[in-house]
Amino acid sequence: MITVHHLNNSRSQRILWMLEELAQPYEIKRYQRDPKTMLAPETLRNVHPLGKSPVITDGALTVAESGVIIDYLAHTYGDKSALPAPGSQQWIDYNYWLHYAEGSLMPFLLLRLVFEKIKTSPMPFFAKPIAKGIADKTGKQFIDPQLNNHLDFIEAHLGKNQWFLGDEISAADFQMSFPLEAALARGIVGRNRPNIANYVKRYQARPAYQRALEKGGEYDYA
Ligand SMILES: N[C@@H](CCC(=O)N[C@@H](CS)C(=O)NCC(=O)O)C(=O)O
């Protein structure tokens, strides 16, 4: 039996969605973020030394890192005939989105979040304008142009493709879902990027996504 070690409001929601789409039985072990630090509880380190979510166990196997989990589930429990042939352009594209979501896109979303937090963090009154100045300048000169570059790229891709790999939903969509729905929920993606917004709305309406949401519990990005 697959166990999803599920943290509230986290990337493991995309694993629940995938398992629901696969109609694969699984159980959820729940972990709650510390409301102050937003960190996962120490007990998650008993599953994997980094103590991050998602992580799954399947029999004797422990699988961590969203992209690896999604690839593992696709190869172990998915329709093998739908998997792209190694070395084909489709295979390269599949791997591209699996790596891109966490390797290229998430770091800028995270930087944006951290620098926004700096502006509202408690600090001595005289340090506030300095911290805000640095955060605004870094946002304007570095983070926002980089983020816009990525979001324009995705917007254009979704203008030409219904799903990340073309006409059919695939594991690439489960992997890309978290950064895009987080960007949408935080207002980083708005009316100026209708393809991304419509894509997210479309998959969030799927019955499997809704079931995952019901089972997963607290999730602020849907
Ligand atoms: N690249 C990793 C990121 C894992 C990660 O940072 N997960 C967050 C949840 S979205 C987490 O566990 N945060 C709690 C913590 O850092 O203690 C993946 O996709 O699996």
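The chain is assigned two domains: domain 1 (2–82 + 211–216) and domain 2 (89–206). These bounds come from an automatic or database domain assignment. This is a predicted model: local features need pLDDT of at least 70, side-chain atom pairs count only at pLDDT 80 or more, and totals for chains, interfaces and linings use all residues. Residues are numbered from 1 along each chain as its sequence is written, and side-chain values use heavy atoms, with hydrogens and water left out.

**View 1. Domain 1 against domain 2.** The C-alpha centres of domain 1 and domain 2 are 21 Å apart. Across the boundary, 13 residues of domain 1 are in contact with 15 residues of domain 2; contact means heavy atoms within 4.5 Å. About 1,300 Å² is buried between domain 1 and domain 2, and carbon and sulfur atoms give 60% of that area. Buried area is the accessible area (1.4 Å probe) that two parts lose on being put together, summed over both. R11, R14 and W17 supply 49% of what domain 1 buries against domain 2, more than any other three residues.

**View 2. Polar links and the domain 1 face.** Three salt bridges join domain 1 and domain 2. A salt bridge is a side-chain nitrogen of Lys or Arg within 4 Å of a carboxyl oxygen of Asp or Glu. Five residue pairs are in polar contact between domain 1 and domain 2, both residues at pLDDT 80 or more. A polar contact is a pair of N or O atoms within 3.5 Å; within protein, one must be able to donate a hydrogen and the other to accept it, and residues adjacent in sequence count only if both atoms are side-chain atoms. On the side of domain 1 that touches domain 2, helix 1 (12–22) and helix 2 (66–77) are the elements that give two or more residues. Helix 2 gives the most, with six residues. Helices (H or I, at least four residues) and strands (E, at least two) are DSSP runs, numbered from the N terminus.

**View 3. E102 and its arginine partners.** The side chain of E102 forms a salt bridge with R11 (3.0 Å, N to O). E102 also forms a salt bridge with R14, at 3.1 Å, N to O. This second pair links distant parts of the chain: E102 is in helix 3 (residues 89–120), R14 is in helix 1, and they are 88 residues apart.

**View 4. The ligand site.** The ligand is surrounded by 13 residues, and the closest are A40, K52, S53, E65 and S66. A polar backbone atom of A40 is 2.8 Å from a ligand oxygen. A backbone N or O atom of S53 is 2.8 Å from a ligand nitrogen. S66 places a polar side-chain atom 2.7 Å from a ligand oxygen.

**View 5. R30 in strand 2.** R30 lies in strand 2 (residues 26–31). Leaving out residues up to four places away in sequence, R30 touches H6, K215, G216 and G217. A polar side-chain atom of R30 lies 2.7 Å from the backbone oxygen of K215. For the backbone oxygen of G216, the distance to a polar side-chain atom of R30 is 3.1 Å.

**View 6. Two backbone exceptions.** Most residues other than glycine have a negative phi, and most peptide bonds are trans. The S53 to P54 peptide bond is cis, with omega near 10°. N9 has a positive phi, near 50°. N9 sits in the loop between strand 1 (2–7) and helix 1.

Methods: A residue is near a molecule or strand if one of its heavy atoms lies within 4 Å of it.
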